[in-house]
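Work through the exercises below with the model open. Try each task before you read its solution.

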Amino acid sequence: MNKRTFMKLASLAAAGRWVSRIPISAEEHKLANWAGNLEYGSERLYSAANTEDVRRFVKANPKFKVLGTKHCFNDIANTTTEFLSLGSQNKVIDLDAKNKTVTIETGMSYGQLAPYLDQHGFALHNLASLPHISVAGACSTATHGSGEKNGNLATQVSALELVTASGDALELAREKDGPMFGGAVVGLGALGVITRLTLDLQPRFTMKQYVYENLPLDQLKENFEAIESSAYSVSLFTDWQKQRVNEVWLKVREDVGPSFNPRPQFFGAKLAARNLHPIAEISPENCTEQMGVPGPWYERLPHFRMGFMPSAGKELQSEYFVPRQHAIEAILAVERLREKLSPHLLISEIRTIAADDFWMSTAYKRHSVAIHFTWKQDWPAVGKLLPEIERELAPFEPRPHWGKLFTMPPKELRAKYERLPDFVALAQKLDPNGKFRNHFLAVNIFD
Ligand SMILES: Cc1cc2nc3c(=O)[nH]c(=O)nc-3n(C[C@H](O)[C@H](O)[C@H](O)COP(=O)(O)OP(=O)(O)OC[C@H]3O[C@@H](n4cnc5c(N)ncnc54)[C@H](O)[C@@H]3O)c2cc1C
C-alpha cells in the first residue's frame, strides 16, 4: 500500500466511514457522466450497502452528493467533495400484491425492476425512453415518458424513506404526509438520500408499437389533440426540416383507451415497413420492437432496449415543458429556428405529460408538452442556441428538464415554480447546513 492510499484509508476510518470506495473503471479516465460531456468534480465515490451505511456516511460527511446512474447532462449530480452510490442496493424489498405496490432499494434501475414486476404479473404505468436509469434519480428529476393521461415517473411514488442531514431516516407517504410528500418526491437531490421507494403498480399489460413516417406539419397543426390521443403513448420525432415530423411512434395498449387500427396512412404519414431508430441513419437494433409485434409493457414503453446503447451516445440533451394548450404555438416557435438548429441537432422529440402535484415537477399543475433536443456534442454551439430557443418559448413559460442542459437565468427559472419558497423552506428544515447542496442547487434554487 502506498503512502497516499494509506493516508486516505486512515482518514476514512477516522471519519467513521464504513462504506467502501469504488475505483474509477479502467476505461474511464475520470469519473464522468453517461454522455461524457461532464467530468465530475471529484473521483471519491463510495458505495453504501444498506441504510445503516448510508446513515453513518451522512453523519460523517459535511457535504456530498448521491450519484445515481449518471445520466444527467448538467451538473445537478456533481460535487467537488464526495459521492455516495447506492448502486449495490438493487433489490425488491416487498411486493404487495393486494395493494398493488412494490417497495424497492433505490440503487435499482427500471431495467432491473421491470422484468421482475412483469414476471410477478405487474407493471408500471409508464417508462422513460430508456430503462437504464435509476428509479431514484429519475423520480428526483421528474423524468417522464409520454401519454396524454400519463403523469411523469415520480407520480408512481406512493411512499419514500429519506435519510436527512441529521442521519435520521424519515418516512413519507402520499396518504398521510400530503404537503411534505408533494415537496419531497421530485427533490432534486436536495433533501437527503432516498433509501427506499414504494411505487404504484397495475396488472401487467401487453403493447404494440407502430411507427409512421413523414407526418405533414399542417396535419399536426390541425389535429394535434387527435394525434396525441390516438395511442397510450405518442412520440413525435422531428429534425424540423421540410415542414414535417419525421417519425411518429405510437405505443398502443389494447386493454385501455381507444383501439388502434394500423391503417397504411395516419394523418398523411405512412406506416413504416421496417423498424426505425429515432435518428433514421442509426441502425434500429438498439430500439424496442415495432411493426405491431405484441410484447410486454417494459419492452415497448421505452424506445431503447436494455443491454444496448440508448440514443446516439456522444450527444447532449435539452428539453422544455410548456402548458399543453400552447403546444402548437410553441412547436411553431421552435420550427422558426430550424435553419439555426439544423447544423447542431441530431433529432427532436415531442411528448405529452399529464399534470401532477409535486412542487418542483416540470409538470406541476400543468398538462404539458415537452419539446426535447438531442444535440451533437458541441457545447459552445449548443450553449449559444439555447438562449434563442428559451427566448422563443418565453411567452409559454417554459420549464427546462432538471437533468438536461439549459441556460435560463436562475431568477427566471425560479419564477416558474410557485411552490419554490416552500421547497426551499423544506430543504432548510431537512438540511439546515446544506450538506446535499452543490453548485447547481446553489445557483438555481437557493441563491
Ligand atoms: C440516453 C438518455 C435518454 C434519456 N431519456 C429521458 C426520457 O425519456 N425522459 C426524461 O425525462 N429524461 C430522460 N433522460 C434524462 C435522465 O433520465 C434523467 O435526467 C435522470 O435523472 C437520470 O437518472 P440518474 O440516476 O442517471 O441520475 P443522476 O444523474 O445520477 O442523478 C440525478 C439526480 O438525482 C439525485 N439522486 C439519485 N439517486 C438519489 C437517491 N437515492 N437519493 C437522493 N438523490 C438521488 C442525484 O443526486 C442528482 O441530483 C435521458 C437521459 C439519457 C442519457
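**Exercises on helices and buried side chains**

Just after helix 3, Gly121 adopts a positive phi of about 90°. Helices (H or I, at least four residues) and strands (E, at least two) are DSSP runs, numbered from the N terminus. The model is predicted: local features need pLDDT of at least 70, side-chain atom pairs count only at pLDDT 80 or more, and totals for chains, interfaces and linings use all residues. Residues are numbered from 1 along each chain as its sequence is written, and side-chain values use heavy atoms, with hydrogens and water left out.

**Exercise 1.** Find the buried residues of helix 3 and what they pack against.

*Solution.* Step 1: apply the cut-off. Buried means under 20% relative accessible area, exposed over 50%, partly exposed in between (1.4 Å probe, protein chains only). In helix 3 (residues 110–119), Tyr110, Gly111, Leu113, Ala114, Leu117 and Asp118 are buried.
Step 2: look around the axis. These residues cover an arc of only 160°, so they sit on the same side of helix 3. The arc is that of the directions from the helix axis to the C-beta atoms.
Step 3: list the partners. They pack against strands 5, 6, 7, 10 and 17 and helix 4. Contact means heavy atoms within 4.5 Å.

**Exercise 2.** Repeat the analysis for helix 2, then inspect its start.

*Solution.* Step 1: Asp53, Val54, Phe57 and Val58 are buried in helix 2 (residues 51–60). They fall within an arc of 135°, so they line one face of the helix.
Step 2: recall the geometry. An α-helix has 3.6 residues a turn, so residues three or four places apart point the same way.
Step 3: the cover includes strand 2 (45–47) and strand 8 (157–163).
Step 4: at the helix start, a side-chain oxygen of Asn50 comes to within 3.2 Å of the backbone nitrogen of Glu52.

**Exercise 3.** Is Ser235 buried or exposed, and which side chain does it join in a polar contact?

*Solution.* Step 1: Ser235 lies in strand 13 (residues 233–238). Its relative accessibility is 1%, so Ser235 counts as buried.
Step 2: a polar contact of 2.6 Å links its side chain to that of Glu349. Such a contact is a pair of N or O atoms within 3.5 Å; within protein, one must be able to donate a hydrogen and the other to accept it, and residues adjacent in sequence count only if both atoms are side-chain atoms.
Step 3: beyond four places in sequence, Ser235 also touches residues including Ser146, Trp249 and His303.
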